[in-house]
Amino acid sequence: MEEEKEGSEEKDHIPPEDESSSTEECLPEDEEKEKESKHVIKNIPWTTAKNFTVEIGQQQIEELISTWDIHESWLHHSEFLEEEELKDSKRYHYRACWGLPTRRKPIPRATASVYFVIVISKLKPDTAPVEVFYRLESSRLIRRPEQCEFREKWLHDIIENKVLCAERLASR
């Protein structure tokens, strides 16, 4: 238990092993808006546990990101972070780091990260698809791609908060 507390911030996005099926979803008002607009949440067919590799996981995360409705001016890179062995599952951690470079500022003032976890259950058959979760930097809310549509506004909010924080610190 003490080791878990000492983990890096990147590990904060891990759904507890015994609670992986009870992760929070979109907020209720978001669900109502989804129903009203009858908007289909885009997802991809995920590979099976048997066929999974770290590289396939990263490719599939990129494929998922390509379904998100995000303006082309946003640039990102994704990377594999670590593999974690648990009693009932294996977890593969990835990060996609987003920025908005411009001609005047090709190096963004701030970036926003989205952390992904691909879970392979040791209890399910290896023909079952992997489970995928993601969370935003600075948020503890764990989302599933098939249950909640990604919003570009979330990236804007993270970057805006970082810039405001940096400006406040600089003015002291």
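Let's start with Trp98, which counts as buried at 3% relative accessibility. Keep in mind that you're looking at a predicted model. Trp74 is buried as well, with a relative accessibility of 5%. Both values count as buried because the cut-off is under 20% relative accessible area.

What about ring pairs in this structure? The count of aromatic pairs comes to 10. Trp74 and Trp98 make one of them: their ring centres sit 6.5 Å apart and their planes meet at 75 degrees, so we call the pair edge-to-face. Trp98 belongs to strand E2 (residues 89-99), while Trp74 is in the loop between helix H3 (54-67) and strand E1 (75-85), so this pair ties together parts that are 24 residues apart in sequence.

Now hop over to Phe116 and Tyr134, another aromatic pair, this time tilted, with 5.9 Å from centre to centre and 40 degrees between the planes. Phe116 sits in strand E3 (residues 112-121) and Tyr134 in strand E4, so here too distant parts of the chain are linked, 18 residues apart. Phe116 and Tyr134 are both buried.

Time for some charges. How many salt bridges does a search of the whole structure find? It finds 10. In one of them, Glu131 and Arg144 meet through their side chains at 3.4 Å, N to O. Glu131 is in strand E4 and Arg144 in the loop between E4 and H4, so the pair ties together parts that are 13 residues apart in sequence. Glu131 is buried at 14% relative accessibility, and Arg144 is buried at 13%. Arg144 also forms a salt bridge with Glu146, where the closest N and O atoms are 2.7 Å apart. Glu146, though, is partly exposed, at 35%.

Elsewhere, Glu83 forms a salt bridge with Lys90, with 3.2 Å between the closest N and O atoms. Glu83 is partly exposed at 42% relative accessibility, and so is Lys90 at 27%. Salt bridges that share partners join Glu83, Glu85, Lys90 and Lys122 into one network.

One last stop: Glu149, in the loop between strand E4 (131-136) and helix H4 (152-170). Is Glu149 buried or exposed? Its relative accessible area is 19%, so it counts as buried. Glu149 and Asp69 are 80 residues apart in sequence, and their C-alpha atoms are 9.0 Å apart in space.

Note on methods: Residues are numbered from 1 along each chain as its sequence is written. This is a predicted model: local features need pLDDT of at least 70, side-chain atom pairs count only at pLDDT 80 or more; totals for chains, interfaces and linings use all residues. Side-chain values use heavy atoms; hydrogens and water are left out. Helices (H or I, at least four residues) and strands (E, at least two) are DSSP runs, numbered from the N terminus. Buried means under 20% relative accessible area, exposed over 50%, partly exposed in between (1.4 Å probe, protein chains only). Rings of Phe, Tyr and Trp (its six-membered ring) pair if their centres lie within 6.5 Å; planes under 30 degrees apart count as stacked, over 60 as edge-to-face and the rest as tilted. A salt bridge is a side-chain nitrogen of Lys or Arg within 4 Å of a carboxyl oxygen of Asp or Glu.
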